[in-house]
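Subject: Structure handover and notes

Dear colleague,

Here is the structure for your files.

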Amino acid sequence: MNKLIGLTRNFSNSTSLNAIKTVTVVGGGLMGSGIAQVAAQAGQNVNLIDLKPELLDTAQKSIQNNLHRVARKIHKDAPAKIEEYVKEASERIKVSTNLEDGTNADLIVEAIVEKLDVKQQLFNRLDQLCPEHTILASNTSSISINEIGAGIKRKNKFGGLHFFNPVPVMRLLEVIKSEQMSEETYQAMMEWGKSVGKTCITCKDTPGFVVNRLLGPYSAEALRMYERGDASKEDIDIGMKLGAGYPMGPLELSDYTGLDTNKFVLNVLYEKTGNPVFKSIPLLDKMVAEGKLGVKTGEGFYKYKK
């Protein structure tokens with residue numbers, strides 16, 4: 001009987017798939033709102049936190065629009081069911097500008113600016129505020145997971161959950177193992193990723209993880225080819241779509257990813273690896289300085305309606 005009680009206590013303190021029922025996403029931008037949406041679609045209660053009320057307003061409108069698209073695909077010509085689906089998923093998402101409103105969660109995913117010191121400050125605070133069972137995760141695309149979590153105590157409950165943009169559409173999730181992540185935390189992250197409809201792959205904390213480490217050279221060479229005038233942007237993109245079977249060309253993909261994000265990832269990869277393929281690209285630097293960041297600003301290599 002005592003052994004049974006002990007097992008029950010251990011189970012109740014663990015964070016398994018069944019325990020991840022409440023998720024907090026810190027950061028109301030494109031990535032954060034997308035993560036909040038897929039969690040709500042999966043039936044989980046979600047807190048979406050951002051310091052800027054206007055960003056939360058934009059996020060809620062974006063989520064509503066995306067949920068209507070999803071509902072129309074599921075229920076097609078059944079307006080009542082479409083509205084019911086959107087209403088139920090939307091009601092699972094609560095927004096706030098106060099971080100403490102989201103600390104009582106089973107999983108917290110950070111999706112804020114890609115700056116190491118800012119992320120460290122956030123996680124150090126969350127580590128102090130959150131219950132012991134809470135798993136903490138970063139959505140960083142390239143910053144070292146171990147460096148981000150260097151100051152927290154719950155290193156066994158910390159790792160990376162790298163989604164891809166747009167989150168509701170892209171099926172991949174990279175689960176990044178920190179040095180001290182427990183097997184229980186790893187399994188909980190993998191199962192949670194599957195529960196929100198993602199195919200999960202695992203990577204240790206290496207620069208760029210899997211996708212950006214491989215995508216970086218490809219993207220950089222496409223940028224340099226266009227910068228030299230070797231081919232037009234249209235022909236570079238068409239070439240890779242029809243010649244290599246890619247669904248999107250490298251310059252078009254850069255626009256969707258965000259040229260500022262591309263620049264940041266290349267800078268980090270060059271700093272961490274010293275590989276000259278990741279060196280700064282003058283054309284990319286110029287476009288970022290001019291605010292031509294791609295889809296999110298209405299212009300990058302191509303022009304878009306905001």
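The notes below cover the annotated sites, the residues around them, the aromatic rings, the cores and some backbone details.

This is a predicted model, in which local features need pLDDT of at least 70 and side-chain atom pairs count only at pLDDT 80 or more, while totals for chains, interfaces and linings use all residues. Residues are numbered from 1 along each chain as its sequence is written, and side-chain values use heavy atoms, with hydrogens and water left out.

Annotated sites

An unreviewed UniProt entry lists G27, G28, G29, L30, M31, G32, D50, E114, K119, S141, N165 and K296 under "binding site". These positions spread over 270 residues of sequence and also spread in space, with up to 22.5 Å between C-alpha atoms. The UniProt annotation "domain: 3-hydroxyacyl-CoA dehydrogenase C-terminal", also from an unreviewed entry, covers residues 208-304. UniProt positions are given in the numbering used here, feature names are shortened, and annotations may be inferred rather than shown by experiment. Over residues 208-304 the chain is 63% helix and 0% strand, with the end C-alpha atoms 28 Å apart. Helices (H or I, at least four residues) and strands (E, at least two) are DSSP runs, numbered from the N terminus.

E114 is in the loop between strand 4 (107-110) and helix 5. Its side chain makes a polar contact of 3.0 Å with that of K119, and the side chains of S141 and E114 are joined by another, of 2.9 Å. A polar contact is a pair of N or O atoms within 3.5 Å; within protein, one must be able to donate a hydrogen and the other to accept it, and residues adjacent in sequence count only if both atoms are side-chain atoms.

S141 lies in the loop between strand 5 and helix 6 (145-148). S141 counts as buried because its relative accessibility is 8% (buried means under 20% relative accessible area, exposed over 50%, partly exposed in between, with a 1.4 Å probe and protein chains only). Not counting residues up to four places away in sequence, S141 touches E114, H162, G208, F209, N212, T261 and V265. Contact here means heavy atoms within 4.5 Å.

S138 is in strand 5 (residues 135-138) and is buried, at 1% relative accessibility. A polar contact of 2.5 Å joins its side chain to that of E110. Beyond its neighbours within four places in sequence, the contacts of S138 include K119, F123, I145 and H162.

Aromatic rings

The structure holds five aromatic pairs. Rings of Phe, Tyr and Trp (its six-membered ring) pair if their centres lie within 6.5 Å; planes under 30 degrees apart count as stacked, over 60 as edge-to-face and the rest as tilted. One of the five pairs is F123 with F158, edge-to-face at 5.1 Å centre to centre and 75° between the planes. This pair links distant parts of the chain, with F123 in helix 5 (residues 116-129) and F158 in strand 6 (residues 158-163), 35 residues apart. F123 is buried at 0% relative accessible area, and F158 is buried at 2%.

The rings of Y218 and Y246 have centres 5.3 Å apart and planes at 65°, so this pair is edge-to-face. Y218 is in helix 8 (residues 211-228) and Y246 in the loop between helix 9 (233-244) and helix 10 (250-257), 28 residues apart. Y246 is partly exposed, at 37% relative accessibility.

Nonpolar cores

A nonpolar core is a set of buried Ala, Val, Leu, Ile, Met, Phe, Trp, Tyr and Cys residues joined through side-chain atoms within 4.5 Å. The largest has 38 residues, of which I35, L48, L107, L161, V175 and W192 touch the most other members. A second, separate core of 18 residues includes V26, C130, I148 and F158.

Backbone details

Most residues other than glycine have a negative phi, and most peptide bonds are trans. The peptide bond from N165 to P166 is cis, with omega near 0°. P166 is in the loop between strand 6 and strand 7 (172-177).

K76, not a glycine, has a positive phi of about 50°. K76 lies in the loop between helix 3 (53-75) and helix 4 (79-91) and is exposed, at 61% relative accessibility. F209 also has a positive phi, near 55°. F209 is in the loop between strand 8 (199-204) and helix 8 and is buried, with a relative accessible area of 2%.

Regards
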